[in-house]
Every structure is written in C-alpha cells, then in structure tokens.
Amino acid sequence: MKLGIQPDVTHKPKDAFEFASKHGFSHIEILMDHPLYSMENLSYTELLELKECYDIEVLLHAPATSTNFISISKTMRRASYEELRRVIHYAERCDAKVVTFHIGWNPGFITARGFVFPRELYSKHNYRVLTTEMLSFLREVECEILALENTISLDESLKRAIEFLLEKTELKLTFDVGHYNCREGHEIFLDHFERIVNIHLHDNRGELDEHLALGEGNVDLSIIEGYRGYLTLEVRDKDAIIKSKNYLINKLKW
C-alpha cells in the first residue's frame with residue numbers, strides 16, 4: 001500500500017517530511033495553494049533535498065485557487081495554463097510522481113430568491129473550451145504524470161468532455177472518494193479506473209465536503225477495492241492523519 005499524506009496545514013516543509021517519515025508514510029502530496037508550499041516559497045532544490053534526506057516520494061497538487069480552465073474569461077484560462085506549465089516544469093525538477101489538477105468552476109448567483117446556479121448557461125462553453133484548449137494543451141506538454149481530479153459536480157457536457165480527453169490523450173486521473181460521496185457525476189472516474197494514479201482519502205456525511213478523518217462519515221471505501229497506486233490522506237491535520245491511518249489498518253485491515 002502506497003499510503004501518503006497532504007501535510008498538516010501548520011507544518012513547515014521539514015516538519016511535514018519528519019512527520020511522514022516517523023509514521024511510515026511513503027509519500028507527501030504538496031498542496032501548492034498553501035503559502036509555505038507554493039512555488040514562490042519552496043524551491044525545487046529544497047524539495048529535492050527533503051525528498052532524498054527522508055526517502056519520501058513527492059506528489060504535487062497544482063494550485064486550484066489561482067487556476068480555472070472553464071472560466072468565461074479567455075485571459076483567466078490562458079493564465080491558468082501558464083501556471084500549470086510552471087507546475088509541470090517544477091515537477092520535472094523535483095522528480096514528482098503525479099501532478100493533480102482541478103478542472104475549475106462556474107459561478108452561481110445570489111438572488112432575491114436565494115442562490116441560483118444556472119448550469120445550462122455554461123454547458124456549451126465548458127465542452128468547447130475543454131475539447132479544444134485543454135486538448136491542445138495536453139497534446140503540447142505530453143506530460144505523463146498529469147492527473148485530473150473529480151471536484152465539482154459534473155453535468156452531461158462535462159462528462160462528455162472528460163470522456164473525449166481520455167479518449168484523445170494519455171491524461172491520468174486522481175479520484176477523490178470524499179468528493180464522489182457528496183457530488184454528482186463522478187462515476188465517470190470509476191468507469192476509467194485503470195487511469196487512476198492517485199486516490200484522495202477523507203470522509204464526510206454525504207452532504208458537504210468536510211474532509212473528516214476516515215471512519216467519521218459514511219464514505220464507502222469498498223469502491224476502490226483492488227487499487228494499487230498512490231493513496232493520499234487529505235485531512236490536513238496531524239491527529240486526523242494518524243486516526244485515518246489506524247482506521248485503514250485496524251478496521252479495514254489494509
């Protein structure tokens with residue numbers, strides 16, 4: 001079992017590697033939205049030193065707060081691809097095994113009748129930009145470690161776009177069991193189980209993306225039975241990390 005972690009949010013990089021090594025984890029997934037783990041503040045040379053010193057593999061989670069590949073703004077999408085290029089460049093230099101990235105999001109609107117999310121307004125746009133711009137990008141970079149994560153709820157147009165990209169490119173997948181438990185349309189990731197190279201593990205009660213310790217919600221981990229790739233605890237709290245590891249070992253006998 002390749003069990004690793006995203007660091008506790010209070011841990012500095014060295015603390016995170018020491019913690020992972022002490023508790024027998026195989027890898028660390030660097031959350032690049034975190035100030036201490038951003039490309040601006042953590043050089044690839046420093047990451048390489050930590051990786052080699054503690055004999056811990058490195059995975060990267062590309063920035064999700066500063067990228068949006070389905071933005072209405074062409075300028076925003078262009079900047080998002082440039083940022084992902086920077087991440088790929090960084091990954092090559094620190095020998096990262098997987099680069100997980102998010103597809104982005106479409107905004108809803110606050111109205112006098114409450115929050116409204118007119119999904120149909122975005123359907124054609126989302127399909128078009130993913131099957132043209134993202135297809136072109138994936139073919140250009142030819143990065144074998146890029147893995148798209150299931151994040152937002154997926155309507156039919158988004159599912160068709162992802163199917164298209166999987167058919168036309170070597171794009172890999174990161175499967176988040178917590179997101180699957182509380183959002184729609186993510187069965188497409190299980191339909192392409194052979195493309196999954198990283199699984200995010202955390203729990204919730206089926207309504208909100210809570211990132212609870214494993215065993216505190218109702219996420220069904222049997223859906224990933226037989227998987228042999230990277231498993232990454234995405235609870236970001238040291239106590240919840242240990243509780244989740246013990247749950248996998250003692251309750252599920254993993």
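**Helix packing and selected residues in a predicted model**

A polar contact of 2.9 Å links the side chains of E83 and R86. The model described here is predicted. E83 is part of helix α3. Its relative accessibility is 16%, so E83 counts as buried; the cut-off for burial is under 20%. Beyond residues up to four places away in sequence, E83 touches M39, P63, S66 and T67.

Helix α3 spans residues 74-94, and helix α4 spans residues 123-141. Their axes come within 12 Å and cross at roughly 30°. α3 is therefore roughly parallel to α4, since angles under 35 degrees count as roughly parallel. The crossing of α3 past α4 is right-handed. On the α3 side, the meeting residues are R77, Y81, L84, R85 and I88. On the α4 side, they are H125, V129, E133, M134, F137, E140 and V141. By class, this contact of α3 with α4 holds 7 nonpolar, 1 polar and 4 charged residues.

Helix α4 packs against helix α5 as well. The axes of α4 and α5 lie 9 Å apart, at an angle of about 20°. The two helices, α4 and α5, are therefore roughly parallel to each other. α4 passes α5 in a right-handed crossing. From α4, the contact draws on S123, N126, Y127, L130, T131, M134, L135, L138 and R139. From α5, it draws on S157, L158, R160, A161, F164, L165 and K168. The residues of the contact of α4 with α5 comprise 9 nonpolar, 4 polar and 3 charged. M134 is listed in the contact of α4 with α3, and M134 is also listed in the contact of α4 with α5.

A161 gives a residue-level view of this packing. A161 sits in helix α5, which covers residues 156-168. With a relative accessibility of 0%, A161 counts as buried. Leaving aside neighbours within four places in sequence, A161 is in contact with Y127, L130 and T131. Y127, L130 and T131 are among the α4 residues that make the contact with α5. A161 and D203 are 42 residues apart in sequence, and their C-alpha atoms are 28 Å apart in space.

E144 lies outside the helices. Its place is the loop between α4 and β7, and β7 covers residues 146-149. The relative accessibility of E144 is 62%, so E144 counts as exposed; the exposed class begins over 50%. E144 and V87 are 57 residues apart along the chain, and their C-alpha atoms are separated by 13 Å.

A further loop residue, N204, was examined. N204 lies between β9 (196-201) and β10 (230-233). At 0% relative accessibility, N204 counts as buried. N204 is in a loop and counts as buried, whereas E144 is in a loop and counts as exposed. The side chains of N204 and N181 are joined by a polar contact of 2.8 Å. The N204 side chain also reaches the backbone nitrogen of G206, at 2.8 Å. Apart from neighbours within four places in sequence, N204 is in contact with G178, N181, C182, E210, L212, G217, N218 and V219.

Terms used
Residues are numbered from 1 along each chain as its sequence is written. This is a predicted model: local features need pLDDT of at least 70, side-chain atom pairs count only at pLDDT 80 or more; totals for chains, interfaces and linings use all residues. Side-chain values use heavy atoms; hydrogens and water are left out. Axes are lines fitted to C-alpha atoms, for helices over the stretch in contact, and angles run from 0 to 180 degrees between N-to-C directions. Helices (H or I, at least four residues) and strands (E, at least two) are DSSP runs, numbered from the N terminus. Angles under 35 degrees count as roughly parallel, over 145 as roughly antiparallel, 65 to 115 as roughly perpendicular and the rest as oblique. A crossing is left-handed if the near helix is turned anticlockwise from the far one by less than a right angle, and right-handed if clockwise. Contact means heavy atoms within 4.5 Å. Ala, Val, Leu, Ile, Met, Phe, Trp, Tyr, Cys and Pro count as nonpolar, Asp, Glu, Lys and Arg as charged, and the others, Gly among them, as polar. Buried means under 20% relative accessible area, exposed over 50%, partly exposed in between (1.4 Å probe, protein chains only). A polar contact is a pair of N or O atoms within 3.5 Å; within protein, one must be able to donate a hydrogen and the other to accept it, and residues adjacent in sequence count only if both atoms are side-chain atoms.
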